[in-house]
Amino acid sequence: MTGDDATTGHCLCGAVTYRFTGPPKWQGHCHCESCRRQTSSALASFVGVHADSFAWTGVEPAAFASSPGVTRRFCATCGTPMSYEADRFPGEVHLYAASLDDPAAYRPRFHVFVAEQVPWLELADGLVRHEGVSTG
């Protein structure tokens with residue numbers, strides 16, 4: 001997922017689609033309770049992209065203000081989580097890595113909010129682990 005070629009993705013039913021150009025700004029796993037609950041999984045894997053290189057190309061996703069300054073977007077038809085946008089990350093769109101057309105190209109670099117990690121999840125991936133937030 002590097003270079004200037006377009007990267008694309010979609011929801012489960014294919015109604016919501018997107019594309020971005022250029023390399024991702026960052027790639028990582030989040031263990032915070034909010035992301036876990038939003039995805040009903042032990043962690044959420046994200047690709048952070050520059051908002052000015054990103055566009056929804058299919059049906060516009062539905063939006064939910066999950067907390068002050070945070071918008072989570074999802075497909076209104078199939079429910080697939082699509083993105084996370086927050087005032088504290090201006091100019092960024094965080095896309096769920098599993099929604100990429102080629103998720104095998106995803107290369108996480110770190111974990112964030114490991115202080116909130118569920119105790120039964122054991123990972124030995126050797127990635128940098130941050131107690132709180134960090135996208136670099």
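# Reading a predicted sheet, its cores and its charged pairs

Reply: Eight strands form an open sheet of mixed pairing, in the order 6-7-8-9-4-3-10-11. Strand 6 (62-67) and strand 11 (128-129) stand at the edges with a single partner strand each, so one side of each has no neighbour in the sheet. This is a predicted model, in which local features need pLDDT of at least 70 and side-chain atom pairs count only at pLDDT 80 or more, whereas totals for chains, interfaces and linings use all residues. Residues are numbered from 1 along each chain as its sequence is written, and side-chain values use heavy atoms, with hydrogens and water left out.

Me: How many bridges join strand 3 to strand 4, and in which sense do the two strands pair?

Reply: In general, strands of a sheet pair through backbone hydrogen bonds, either parallel or antiparallel. Strands here are DSSP runs of E with at least two residues, helices are runs of H or I with at least four, and both are numbered from the N terminus. Two strands count as paired if DSSP finds at least two bridges between them. Strand 3 (26-30) pairs with strand 4 (residues 44-50) in the antiparallel sense over five bridges, and Gly 28 has Phe 46 as its bridge partner in strand 4. With strand 10 (residues 110-112), strand 3 pairs in the parallel sense over three bridges; there, His 111 is the bridge partner of His 29. Elsewhere in the sheet, strand 8 and strand 9 run antiparallel and are joined by two bridges, and Tyr 84 stands opposite His 94 in strand 9.

Me: Is strand 3 buried or exposed?

Reply: Buried means under 20% relative accessible area, exposed means over 50%, and partly exposed lies in between (1.4 Å probe, protein chains only). Five of the five residues of strand 3 are buried, so the strand is largely enclosed by the rest of the structure. Trp 26, Gly 28 and Cys 30 point one way, while Gln 27 and His 29 point the other way. His 29 has a relative accessible area of 11%. Its side chain makes a polar contact with the side chain of Ser 45 at 2.7 Å. A polar contact is a pair of N or O atoms within 3.5 Å; within protein, one must be able to donate a hydrogen and the other to accept it, and residues adjacent in sequence count only if both atoms are side-chain atoms. Contact in the wider sense means heavy atoms within 4.5 Å. Not counting residues up to four places away in sequence, the residues that His 29 touches include Tyr 106, Pro 108, Asp 125 and Leu 127.

Me: Which residues of the largest nonpolar core touch the most other members?

Reply: In soluble globular proteins, nonpolar side chains tend to be buried together. A nonpolar core is a set of buried Ala, Val, Leu, Ile, Met, Phe, Trp, Tyr and Cys residues joined through side-chain atoms within 4.5 Å. The largest core has 15 residues, of which Tyr 18, Phe 20, Val 47, Val 49, Phe 54, Leu 95 and Leu 100 touch the most other members. Strand 2, strand 4, strand 5 (54-56) and strand 9 are the elements that give two or more residues to this core. A second, separate core of 14 residues includes Val 70, Tyr 84, Ala 86 and Phe 89.

Me: How many salt bridges does the structure hold?

Reply: Side chains of opposite charge can pair when their charged atoms come close. A salt bridge is a side-chain nitrogen of Lys or Arg within 4 Å of a carboxyl oxygen of Asp or Glu. The structure holds three. Lys 25 and Glu 92 form one of them, with the closest N and O atoms 2.8 Å apart. This pair links distant parts of the chain, 67 residues apart: Lys 25 is in the loop between strand 2 and strand 3, and Glu 92 is in strand 9 (residues 92-96). Lys 25 is partly exposed at 42% relative accessibility, whereas Glu 92 is buried at 8%. Glu 33 and Arg 37 meet in another salt bridge (2.8 Å, N to O); both lie in helix 1 (residues 33-39), four residues apart, about one turn of the helix. Glu 85 also forms a salt bridge with Arg 73, at 2.6 Å between the closest N and O atoms.
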